[in-house]
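Have the structure open as you read.

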Amino acid sequence: MTGAVADFAERHLASTDVCVALSGGADSLALTAAAVRSGLGVRALIVDHGLQSGSAQVAESAALAATELGADARVLRVEVGRIGGLEAAARTARYRALEDARDGVPVLLGHTLDDQAETVLLGLARGSGARSIAGMQPWTAPLGRPLLTIRRAATRAACADLGLSPHDDPHNADPRFTRVRLRAEVLPLLEEVLHGGVAQALARTAGQLRDDLDVVENVVDQHSAVIAGDTVDCAHLAPLAPAIRSRLLRRWLTRQGATEPTETVVRAVGLLVTGWRGQGPVAIGGDHDHRLEIARRDARLVVERRVR
């Protein structure tokens, strides 16, 4: 595990100073230990979401464990909203706190190969596109995931070897959360039916797909001039391959004010280019005062703002 972190640091990091997002669980605790042992200067950032009784004590215990391993430690207390559900709101609060506290230093996350497999399965089930099935990136500055090739069982074994007592978050066993049921029910069943190796195969598939997507994104970059303005010439988009055209449209829609445009929205806007039959504008979001729509006018895509 220490070797995996050292290799990651050599490949991706420009300095030896890092933060580790430490929950107190086995994965992030093992990551903290491995980062210290690999010679990195480690500051453990412990986010206390305040969602469970005794969370402050869990956070302080994690900070103490990090200090005993040779890292600096800081507890970040946050307030979790309710937008998008509890799990999503907690994630939003956590990443915002990490961003505010990292002081320009990369943040390492304890996601493992098992987490990657779960992410790929979720992406498949939701039909949310190739980028989702490609899973988590090992490095997307400023976030790094050195343990994506390491099994969850190995992090627990590492903690046991080091005499560490990781915290078991009750939420990680709560069947109300989809990911928990994937972990406890779906993946074990797949492993049984397919005679093992499923988690590794899903993670391997994600890596292969990420390589392919890098090539596609490079081609998209080469056509970026097509979407440089506030309007887009349909004649320039129409001849492009669907995978290239849809990615260009997604980028352009985001630039025009759409927030994470869905596949349905991108497809509807694409039909204004390749399936034009005089259809009306496509709504892409907006704010309390204005509704944003994409319309085709004189063979160009334009943004129209309508007062609500």
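A salt bridge here is a side-chain nitrogen of Lys or Arg within 4 Å of a carboxyl oxygen of Asp or Glu. With that in hand, note that what you are looking at is a predicted model.

**Salt bridges**

By this criterion, the side chains of Glu217 and Arg247 meet in a salt bridge, at 3.4 Å from N to O. Glu217 lies in helix α9 and Arg247 in helix α11 (residues 242-256), so the pair ties together parts that are 30 residues apart in sequence. Glu217 counts as partly exposed because its relative accessibility is 21%, and buried would require under 20%.

Searching the whole structure gives 23 salt bridges. Side chains of opposite charge can pair when their charged atoms come close.

| Pair | N to O distance |
|---|---|
| Glu99 and Arg102 | 2.9 Å |
| Arg152 and Asp115 | 2.9 Å |
| Glu217 and Arg247 | 3.4 Å |

**The loop between α7 and α8**

Asp174 is found in the loop that runs between α7 (152-161) and α8 (178-193). With a relative accessible area of 15%, Asp174 is buried. Its side chain makes a polar contact with the side chain of Arg176, at 2.6 Å.

Pro175 belongs to the loop between α7 and α8 too, yet Pro175 counts as exposed, at 53% relative accessibility. Setting aside residues up to four places away in sequence, Pro175 touches Val180 and Arg181. From Pro175 to Glu185 there are ten residues in sequence and 9.7 Å in space, C-alpha to C-alpha.

**Two buried helix residues**

Thr32 has its place in helix α2 (residues 26-37) and is buried, with a relative accessibility of 0%. The side chain of Thr32 reaches the backbone oxygen of Ser28 at 2.8 Å. Beyond residues up to four places away in sequence, Thr32 touches Val20, Leu22, Val42, Ala66, Leu69 and Ala71.

Gln256 is part of helix α11. Gln256 is buried because its relative accessible area is 9%, which falls under the 20% limit. Leaving aside neighbours within four places in sequence, the residues in contact with Gln256 are Gly229, Asp230, Leu292, Val303 and Arg305. For one of these, Val303, the C-alpha atom is separated from that of Gln256 by 7.4 Å, although the two residues are 47 apart along the chain.

**The second largest pocket**

Rolling a probe the size of a water molecule over the atoms shows where empty space is left. The second largest pocket has a volume of about 260 Å³. It is lined by 14 residues, and those closest to its centre are Pro138, Arg145, Pro146, Leu148 and Thr149.

Which helix supplies the largest share of this lining? That is α1, with five residues. At least two lining residues come from each of α1 (2-12), α5 (113-126) and α9 (198-222). Sorted by class, the lining has seven nonpolar, three polar and four charged residues.

**Backbone details**

Most residues other than glycine have a negative phi, and most peptide bonds are trans. A few places in this model are worth a look with that in mind.

The peptide bond from Ala141 to Pro142 is cis, with omega near 10°. Pro142 has its place in the loop between β5 (139-140) and β6 (143-144).

Asp103, which is not a glycine, has a positive phi near 55°. Asp103 lies in the loop between α4 (86-101) and β4 (107-108), and is exposed, with a relative accessible area of 58%.

Ala299 likewise has a positive phi, of about 65°, although it is not a glycine. The loop between β9 (290-297) and β10 (300-307) holds Ala299, and at 36% relative accessibility Ala299 counts as partly exposed.

Key
Residues are numbered from 1 along each chain as its sequence is written. This is a predicted model: local features need pLDDT of at least 70, side-chain atom pairs count only at pLDDT 80 or more; totals for chains, interfaces and linings use all residues. Side-chain values use heavy atoms; hydrogens and water are left out. Helices (H or I, at least four residues) and strands (E, at least two) are DSSP runs, numbered from the N terminus. Buried means under 20% relative accessible area, exposed over 50%, partly exposed in between (1.4 Å probe, protein chains only). A polar contact is a pair of N or O atoms within 3.5 Å; within protein, one must be able to donate a hydrogen and the other to accept it, and residues adjacent in sequence count only if both atoms are side-chain atoms. On a 1 Å grid over the protein atoms alone, a cavity is a set of points where a 1.4 Å probe fits but cannot get out, and a pocket is an open set with protein on both sides within 12 Å along at least five of seven lines; lining residues have an atom within 4 Å of a point. Grid points are joined across faces, edges and corners, and a volume is the space filled by probe spheres set on the points. Ala, Val, Leu, Ile, Met, Phe, Trp, Tyr, Cys and Pro count as nonpolar, Asp, Glu, Lys and Arg as charged, and the others, Gly among them, as polar. Contact means heavy atoms within 4.5 Å.
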